[in-house]
Structures are given as C-alpha cells and as structure tokens.
Amino acid sequence: CDITKKEEIDAMVDETVKRHGVLHSAIQATGWGYLSPFLESTEEDLVKIMNLQFKGPYQFFQSCIPAMTEGGSIIQISSQMGHVGGLERAVYCGSKHAIEGINKSMAIEFGAEGIRVNSICPTFIRTPLSEPTFSDPKKLAWIKSKIKLNRVGQIEDIMGAVQYLASDASALVTGTSILIDGGWTAD
C-alpha cells in the first residue's frame with residue numbers, strides 16, 4: 001500500500017486481520033535516504049519526507065494497534081540517524097528522531113495492553129535504492145570511516161533483530177531501539 005494514504009493502510013490491515021484473525025506483529029520499514037543542505041531544503045522536501053517517514057508510519061500503527069487484541073509487537077525500522085545528526089541530513093534525521101519519539105510514547109501508552117513498541121536502527125544497508133551511494137568512492141569511504149566494523153550493512157544483518165522483537169524472546173522489551181550500526185553511534 002501507499003503508506004502516505006490512510007485509506008490504503010486501513011484496507012491492508014483489515015485484509016490481514018480477515019485472513020489471520022488477529023495481528024501479532026506489525027513491522028514498518030518505509031524510508032527514503034534524502035540528502036540536502038539545510039538551507040537548500042524546500043518546504044516540498046520537508047512535507048514529502050515527513051509524510052513518508054513520520055506521518056505514514058504514525059497512521060500505520062494507528063491502524064494496527066486496534067487489531068492487536070491479544071497484545072503484540074510493533075517494530076519500526078528506523079535509522080541510526082534517529083540517534084545522531086549528519087551532514088546534509090537535517091530533514092532525514094528530523095523524521096527519524098520523530099519516529100524514535102513516538103515509539104517511546106506508544107510504548108508507554110500501550111504497554112498495559114501487552115503491546116511492545118521498539119525500533120531497529122540500522123546503519124547504511126546495501127539495497128538497490130542505496131547502490132548509487134555505494135558506487136561513489138568518496139561516499140563509500142566516508143561511510144566506512146564511520147562504521148567501526150568497516151563494512152556496510154546487508155539486509156541479513158537486520159533479520160535477527162526482527163525475529164527477536166517479533167517473538168516472545170523479547171517479552172519484556174519495549175520503548176527501546178536496537179542499533180545495528182557497526183559502531184557508528186559509539187562515538
């Protein structure tokens with residue numbers, strides 16, 4: 001569905017609940033690695049990024065939580081940039097910091113109902129969308145200089161955290177972030 005359209009989110013969640021009866025886990029992973037110098041970011045840029053990376057996830061979870069009648073796990077794929085700042089990343093970082101804030105608030109609000117809310121905050125992950133960044137030797141060198149393990153992430157690097165947060169192994173974990181950043185935020 002288009003996560004910026006509430007009616008599409010509601011339809012997707014309704015269909016899922018019809019098929020499965022109850023929602024145990026909801027994972028949200030939309031994002032766009034937008035870069036722009038602060039003074040060059042336009043209102044259109046701000047609206048586009050905040051709609052995609054804050055409003056959309058917010059609405060997604062508003063649709064999912066009522067279907068979690070037996071408790072459950074909300075998992076937001078956020079970013080290490082929700083914990084730090086970055087050059088030419090003010091809009092992007094702002095949207096990810098906002099996600100980290102609502103995760104904590106939702107954990108407080110829905111904990112008594114047995115709903116756990118957490119985020120996974122990866123570093124740069126190699127995907128088709130990120131490939132142009134990695135094909136630039138200067139950008140790749142900068143990224144690797146920040147990652148203490150000296151490599152970019154792979155999708156598989158995130159999967160263990162997803163399994164953990166979606167399972168009963170994390171039954172007492174809520175309101176937190178798992179940083180899968182190769183040590184980026186250790187400084």
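Author: Let's begin with a helix pair: helix α1 (residues 6–20) and α2 pack at an angle of about 35 degrees, with their axes 9 Å apart. The axes are lines fitted to C-alpha atoms, for helices over the stretch in contact, and angles run from 0 to 180 degrees between N-to-C directions. Helices (H or I, at least four residues) and strands (E, at least two) are DSSP runs, numbered from the N terminus.

Reader: Thanks! What sort of model is this?

Author: This is a predicted model, where local features need pLDDT of at least 70 and side-chain atom pairs count only at pLDDT 80 or more, while totals for chains, interfaces and linings use all residues. Residues are numbered from 1 along each chain as its sequence is written, and side-chain values use heavy atoms, with hydrogens and water left out.

Reader: Back to the pair. Which residues in α1 and α2 meet?

Author: From α1 come Lys6, Ile9, Asp10, Met12 and Val13, and they meet Gly56, Gln59, Phe60, Gln62, Ser63 and Cys64 in α2. Contact here means heavy atoms within 4.5 Å.

Reader: And how many are nonpolar, polar or charged?

Author: The contact of α1 with α2 has 5 nonpolar, 4 polar and 2 charged residues. Ala, Val, Leu, Ile, Met, Phe, Trp, Tyr, Cys and Pro count as nonpolar, Asp, Glu, Lys and Arg as charged, and the others, Gly among them, as polar.

Reader: New topic: how many disulfides are there?

Author: The count comes to 0 disulfides, a disulfide being a pair of cysteine sulfur atoms within 2.5 Å. For Cys1, the nearest cysteine sulfur is that of Cys64, 9.2 Å away. Cys93 is in no disulfide either, and its nearest cysteine sulfur, that of Cys121, is 12 Å away.

Reader: Is Cys93 buried or exposed?

Author: Cys93 is buried, with a relative accessible area of 5%, whereas Cys1 is exposed at 56%. Buried means under 20% relative accessible area, exposed over 50%, and partly exposed in between (1.4 Å probe, protein chains only).

Reader: Which residues of α3 are buried?

Author: Among them are Val91, Tyr92, Cys93, Ile99, Ile102, Met106 and Phe110. What covers the buried residues of α3 includes α2 (43–64), β2 (72–77), β3 (115–122) and β4 (176–180).

Reader: How far does α3 reach?

Author: Helix α3 (residues 90–110) has 21 residues and reaches 30 Å from its first C-alpha to its last, close to the 30 Å expected at 1.5 Å a residue. The expected span is 1.5 Å times one less than the number of residues.

Reader: Last one: what is Pro122 in contact with?

Author: Leaving aside its neighbours within four places in sequence, Pro122 is in contact with Ile77, Ser78, Ser79, Gln80, Ile158 and Ile180. Pro122 lies in strand β3 and is buried, with a relative accessible area of 8%.
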